[in-house]
Structures are given as C-alpha cells and as structure tokens.
Amino acid sequence: QVQLVESGGGLVQAGGSLRLSCAASGNIFRFIDMGWHRQAPGKQRELVATISWRNTTNYADSLKGRFTISRGNAKNTVYLQMSTLKPEDTAVYYCNIALLLYNSRRDYWGQGTQVTVSS
C-alpha cells in the first residue's frame, strides 16, 4: 500500500503565496512521477504540475511562471510553491504518485488539501 499526506493548504489573499507539501510512504518502487492536480467546485480535476524521477517538470500552461514543483531531499516528497495567487486558484489540491507495477502505470492519490484565495 501507498499513502500520501498533503499539507500546507489554507486561506490566503489574492496576490499571496502558499507552499503545499506531500509525502509518500509505503511500498514505493519503480517511481514514475509525482504531481499535483486540483479540482474547483463544479469543475473537473485538472493537472497542475508533475515532476518525474529524472526531475523533469511539466506544468499546466496557464500556471507556468506562478507555480513551481520540486522534490525534496527525501525523494518521495514533493512541493508546490504557488505565488501571485488568484481567486480562480481556489480548489482542492490533490497530490499523486505514479508507480510502475507489472508494466502498468498505477496512480495513488492523497486526500486533498483545500486552498482558498480571497479577493
């Protein structure tokens, strides 16, 4: 089993910053990537950013320049630095880790952390 624990969400004013953290534990082998997705009320879950085992990053085009994903010294941790936040960034942010199991990708998800940006 794999567990993901997110932290760092909260309420912030527009223009402010937040840093989300996620730590994965359990049977973590053949790591593919970790990342963040978000889901706003009434909307589908969408990609925010991912970082691969080679530290290659990928961002949603609309978030480039404001959000930065990184991995911690403990390789199964990932951070999302969010700056110049906007009310439309309000959402539940989910961490995920992708592992290669039996030659197939398997994604595990955290419980999510709420980010609310006030105008």
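In this predicted model, Arg45 lies over the face of Trp109, at 4.8 Å from the ring centre. Arg45 also lies over the face of Tyr94, where the distance from the ring centre is 3.7 Å. Pairs formed between two aromatic rings are a separate matter: under the distance rule applied here, which asks for ring centres within 6.5 Å, the count of aromatic pairs is zero.

**The sheet**

Four strands form an open sheet in the order β1-β3-β8-β7, and their pairing is antiparallel. Which strands stand at the edges of this sheet? They are β1 (2–7) and β7 (67–71); each has a single partner strand, so one side of each is left without a neighbour in the sheet. On average, neighbouring strands of the sheet are turned by 15 degrees against each other, with direction ignored.

Within the sheet, strand β3 (residues 18–26) and strand β8 (residues 77–82) run antiparallel and are joined by six bridges. Leu18 stands opposite Met82 in β8.

**Salt bridges**

Side chains of opposite charge can pair when their charged atoms come close. How many salt bridges does a search of the whole structure find? The search finds six, and the table lists three of them, including the pair Arg105 and Asp33.

| Salt bridge | Closest N and O atoms |
|---|---|
| Arg105 and Asp33 | 3.2 Å |
| Arg38 and Glu46 | 2.7 Å |

The bridge between Arg105 and Asp33 links distant parts of the chain: Arg105 belongs to strand β10 (residues 104–109) and Asp33 to strand β4 (residues 31–39), and the two are 72 residues apart. Arg105 counts as partly exposed because its relative accessibility is 46%. Asp33, at 11% relative accessibility, counts as buried.

In the second pair, is Arg38 buried or exposed? Arg38 has a relative accessible area of 8% and is therefore buried. Its partner Glu46 has a relative accessibility of 38%, so Glu46 counts as partly exposed.

Asp61 is exposed, because its relative accessible area is 64%. Lys64 likewise counts as exposed, at 52% relative accessibility. Elsewhere, salt bridges with shared partners join Arg38, Glu46, Arg66 and Asp89 into one network.

Conventions. Residues are numbered from 1 along each chain as its sequence is written. This is a predicted model: local features need pLDDT of at least 70, side-chain atom pairs count only at pLDDT 80 or more; totals for chains, interfaces and linings use all residues. Side-chain values use heavy atoms; hydrogens and water are left out. Rings of Phe, Tyr and Trp (its six-membered ring) pair if their centres lie within 6.5 Å; planes under 30 degrees apart count as stacked, over 60 as edge-to-face and the rest as tilted. A charge sits over a ring if NZ of Lys or CZ of Arg is within 6 Å of the ring centre and within 35 degrees of the ring normal. Two strands pair if DSSP finds at least two bridges between them. Axes are lines fitted to C-alpha atoms, for helices over the stretch in contact, and angles run from 0 to 180 degrees between N-to-C directions. A salt bridge is a side-chain nitrogen of Lys or Arg within 4 Å of a carboxyl oxygen of Asp or Glu. Buried means under 20% relative accessible area, exposed over 50%, partly exposed in between (1.4 Å probe, protein chains only).
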